[in-house]
Amino acid sequence: MDKIILVDTLDREIGSGEKLAVHRRPLLHRAFSIFLYDDEQILLQKRAASKYHSPGLWGNSCCSHPRVGETLMQAAERRLQEELSCSACLEEIGSFVYFHRFARDLFEYEYDHVLVGRYQGAVKANPSEIDEIKWCKVGEIMDGLISQPEKYCPWFRTAAPMVFRWLKDKGAIG
């Protein structure tokens, strides 16, 4: 049973709860979204059809929640291994709080830390987590977010522009 960290709106730990139970009530909890990039491309994943929320939607390279007793970076490294069988040097570029109601009793209410890492190498998608992966140019993702936002995870719609801006400011993209 995954126990995840409940936080206040300043990301201070205030308790913990079992992951699914936390998502059944709108309880603010710590999360992270990882974006792996290489030149002008970002690795996207299509969430597995078996996921209890956002199945079949496109999102960032990897995302999850730190467990109780685990740092943000420890959790990020663990999930990169579990989801993509890879490792990357990550940097936090910002955070945001978002709320989304998927069903009468299913919510995301997260304090989401946005992490980026330059990556060149092989990735292997875990089929219990991911149906498909693909490297996409930033312009292609931007066009998709405008023309078909419903194909993307709700948190991705907020986090992606933050990443695009950061990559542009760093000179990583044109």
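This is a predicted model: local features need pLDDT of at least 70, side-chain atom pairs count only at pLDDT 80 or more; totals for chains, interfaces and linings use all residues.
Where does D11 lie? D11 is in the loop between strand 1 (3-7) and strand 2 (13-18).

Residues are numbered from 1 along each chain as its sequence is written, and side-chain values use heavy atoms, with hydrogens and water left out.

1. D11 has a phi near 65°, a positive value in a residue other than glycine. Most residues other than glycine have a negative phi. D11 counts as buried because its relative accessibility is 16%; buried means under 20% relative accessible area, exposed over 50%, and partly exposed in between (1.4 Å probe, protein chains only). S54 also has a positive phi, near 55°. S54 lies in the loop between strand 4 and strand 5 (58-59), and is buried at a relative accessible area of 5%. Helices (H or I, at least four residues) and strands (E, at least two) are DSSP runs, numbered from the N terminus.

2. **A48 and its partners.** A48 is placed in the loop between strand 4 and strand 5. A48 is buried, with a relative accessible area of 1%. Not counting residues up to four places away in sequence, A48 touches P55, G56, P127, S128, E129, I130 and D131; contact means heavy atoms within 4.5 Å. From A48 to E129 the C-alpha to C-alpha separation is 5.2 Å, although the two are 81 residues apart in sequence.

3. **D131.** This residue is found in strand 9 (residues 130-137). D131 counts as partly exposed, at 47% relative accessibility. Leaving out residues up to four places away in sequence, D131 touches K46, R47, A48 and A49. D131 and S50 are 9.3 Å apart in space, C-alpha to C-alpha, and 81 residues apart in sequence.

4. **Aromatic pairs.** Seven aromatic pairs are found in a search of the whole structure. Rings of Phe, Tyr and Trp (its six-membered ring) pair if their centres lie within 6.5 Å; planes under 30 degrees apart count as stacked, over 60 as edge-to-face and the rest as tilted. F35 and F156 are stacked because their ring centres are 5.7 Å apart and their planes are at 20°. This pair links distant parts of the chain, with F35 in strand 3 (residues 29-38) and F156 in helix 4 (residues 154-169), 121 residues apart. F35 and F156 are buried. Together with Y152, F35 and F156 form one aromatic cluster.

5. Y37 and W166 form an edge-to-face pair, 6.1 Å centre to centre with 70° between the planes. Y37 lies in strand 3 and W166 in helix 4, so the pair ties together parts that are 129 residues apart in sequence. Y37 and W166 are both buried. Elsewhere, K134 lies over the face of W58, at 4.3 Å from the ring centre; a charge sits over a ring if NZ of Lys or CZ of Arg is within 6 Å of the ring centre and within 35 degrees of the ring normal.

6. **Nonpolar cores.** The largest nonpolar core has 28 residues, and those with the most contacts inside it are F35, I42, V114, I141, F156 and V163. Such a core is a set of buried Ala, Val, Leu, Ile, Met, Phe, Trp, Tyr and Cys residues joined through side-chain atoms within 4.5 Å. Helix 4 gives the most to this core, with nine residues. Leaving aside neighbours within four places in sequence, V163 is in contact with F35, I42, I93, V114 and V116. A second, separate core of 16 residues includes I34, L36, C86 and A88.

7. **Largest pocket.** About 330 Å³ of space lies in the largest pocket. On a 1 Å grid over the protein atoms alone, a pocket is an open set of points where a 1.4 Å probe fits, with protein on both sides within 12 Å along at least five of seven lines; lining residues have an atom within 4 Å of a point. Grid points are joined across faces, edges and corners, and the volume is the space filled by probe spheres set on the points. The lining has 24 residues, of which K19, R47, C63, S64 and H65 lie nearest the pocket centre.
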